[in-house]
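Subject: Structure for your review

Dear colleague,

Please find below the structure that I am handing over to you. My findings follow directly after it.

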Amino acid sequence: MVMWLVTAGFAFCFATWWCPTGARSQERLKIAYSSADASNAVWFIALDGGMYRKYGLDVELIFIQSSTMSVSTLVSGDIQVANSSGGAVTSAVVGGANLVMTACYINTLPYELIVQESVKSVEDLKGKSVGISRVGSASDVAARVLIKGLGLEPVKDVPIIQVGGPTERAAAFRTGRIVGFPSPPGTIHLAKGMPHRIMISTADFQKRYDFPYICSTTTKSYLASNREIMRKLTMALIEATHFLKTRKQETMKFIAKYTRQNNPQYLESSYAANVKLHDRVPLVTREGTEVQIKEALSRKPGATLRVEDIVDDSIVRELEKSGFIDKIYK
C-alpha cells in the first residue's frame with residue numbers, strides 16, 4: 001500500500017508538471033537582475049511567491065545595476081542566468097560572447113523621455129544631452145528610439161552620454177548635466193523635487209516598438225547541459241507572470257518591497273502598465289531582435305549575426321504545445 005502511494009505520488013508529479021518541494025532535490029541557480037523597477041517583477045514574484053521552489057529550484061537573485069554588466073557577469077561564469085535586454089545580448093555576442101535568449105516576458109520597450117521643464121519643444125532639445133546607463137543597454141536603445149520619435153537624430157542632434165543607473169541619472173538631471181533621460185513608466189512619480197515633463201513615450205507610437213526587453217539569457221553551453229533547469233525556470237516565470245496579471249494587491253506588495261517605494265501613484269501606474277506589457281507566451285520577438293542585431297552590427301563592421309544565433313525559445317514552444325501555459329491560465 002505504501003509503495004503504491006509513493007508510485008502514485010510521483011506519477012501525479014509528472015502528469016501535472018509539479019511535485020511538492022520535498023519530493024525532489026532543489027537545483028541551485030544564480031540569477032542576475034538589473035533593476036528593481038516593476039518591469040522586473042516576475043523575477044522576485046517567483047522568489048517570494050514560491051514558484052522557483054515549486055519547480056525544484058533554489059534561486060539566489062543577485063542585483064547587478066545594468067543589463068550590460070549582467071551579461072558580463074554571465075559570460076564570466078559567476079551566474080547562470082541573467083535578466084537582460086536584447087540590445088545588451090546582441091552587443092555582447094557581436095563582441096564574441098556565446099549567449100542565447102531563451103524567453104522574453106516583455107517584448108516591447110516601455111519608456112518615457114523625461115526632460116527639464118524648460119524643454120518645451122523639439123527645438124529646445126536640440127544640442128542638449130540625454131543620459132543613459134551604458135551603450136547597448138535598454139536605456140540607450142530607448143533614448144535613440146524616443147529621440148527618433150521626435151524627428152531628431154540621436155547623437156547628431158541630441159548627444160547621448162553614459163551616466164549610470166537611475167540614481168546617477170537623477171543626480172545628473174538635478175545638476176543640469178543632462179536635460180533628459182529615458183525612464184520606465186510610473187518611475188517619474190518618485191522624482192520628488194525634480195520639476196519635469198514627459199516629452200514623449202513609446203506608448204504614443206502608432207505601432208508597438210518590438211524589443212526583447214525582459215529576457216532570460218544564458219550561455220549556449222549552460223543551456224545545452226542544463227536544459228531541464230532552464231525548463232523549470234521558464235515554468236516558474238510563466239506562473240509568476242500569471243500571478244502578476246491576476247493578483248494585483250499581492251503583486252503591488254512585492255513591487256513595493258523590492259523597489260523600496262510605497263508611493264501609491266507609482267505602484268498603481270507601474271502595475272497597470274506591466275499587466276499589459278507582460279506576454280502570456282514569452283516567445284522572443286524576432287522583429288525586435290533583428291533590429292538590435294542591425295544596431296550591433298553597425299558598430300562592428302564585418303561581423304555577422306542571425307536571429308537563430310542568439311535566440312532559442314524552444315522550451316517556451318514545447319510548454320505551449322504541451323498545454324502547460326493553458327493549464328496555468330485556467
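Cysteine 104 is buried, with a relative accessible area of 0%, where buried means under 20% relative accessible area, exposed over 50%, and partly exposed in between (1.4 Å probe, protein chains only). Cysteine 215 is likewise buried, at a relative accessible area of 0%. Please note that this is a predicted model, in which local features need pLDDT of at least 70 and side-chain atom pairs count only at pLDDT 80 or more, while totals for chains, interfaces and linings use all residues. Residues are numbered from 1 along each chain as its sequence is written, and side-chain values use heavy atoms, with hydrogens and water left out.

The structure holds one disulfide, a term used for a pair of cysteine sulfur atoms within 2.5 Å. Cysteine 104 and cysteine 215 form this disulfide, with their sulfur atoms 2.0 Å apart. Because cysteine 104 lies in strand β4 and cysteine 215 in strand β10, the pair ties together parts that are 111 residues apart in sequence. The torsion about the S-S bond of cysteine 104 and cysteine 215 is about 100 degrees, so the disulfide is right-handed.

Helices (H or I, at least four residues) and strands (E, at least two) are DSSP runs, numbered from the N terminus; two strands pair if DSSP finds at least two bridges between them. An open sheet of five strands has mixed pairing and the order β2-β1-β3-β10-β4. Strands β2 (57-63) and β4 (99-108) stand at the edges with a single partner strand each, so one side of each is left without a neighbour in the sheet. From one strand to the next, the twist averages 25 degrees. Strands β1 (residues 27-33) and β3 (residues 81-84) run parallel and are joined by two bridges. Valine 81 in β3 is the bridge partner of isoleucine 31.

As to the helices, axes are lines fitted to C-alpha atoms, for helices over the stretch in contact, and angles run from 0 to 180 degrees between N-to-C directions. Contact means heavy atoms within 4.5 Å. Helix α5 (residues 86-94) lies across β3, β4 and β10 (210-219), running at about 155 degrees to β4.

The axes of helix α2 (residues 41-48) and helix α10 (residues 227-246) come within 8 Å and cross at roughly 100 degrees. Helices α2 and α10 are therefore roughly perpendicular to each other (65 to 115 degrees).

Yours sincerely

Technical notes: Angles under 35 degrees count as roughly parallel, over 145 as roughly antiparallel, 65 to 115 as roughly perpendicular and the rest as oblique.
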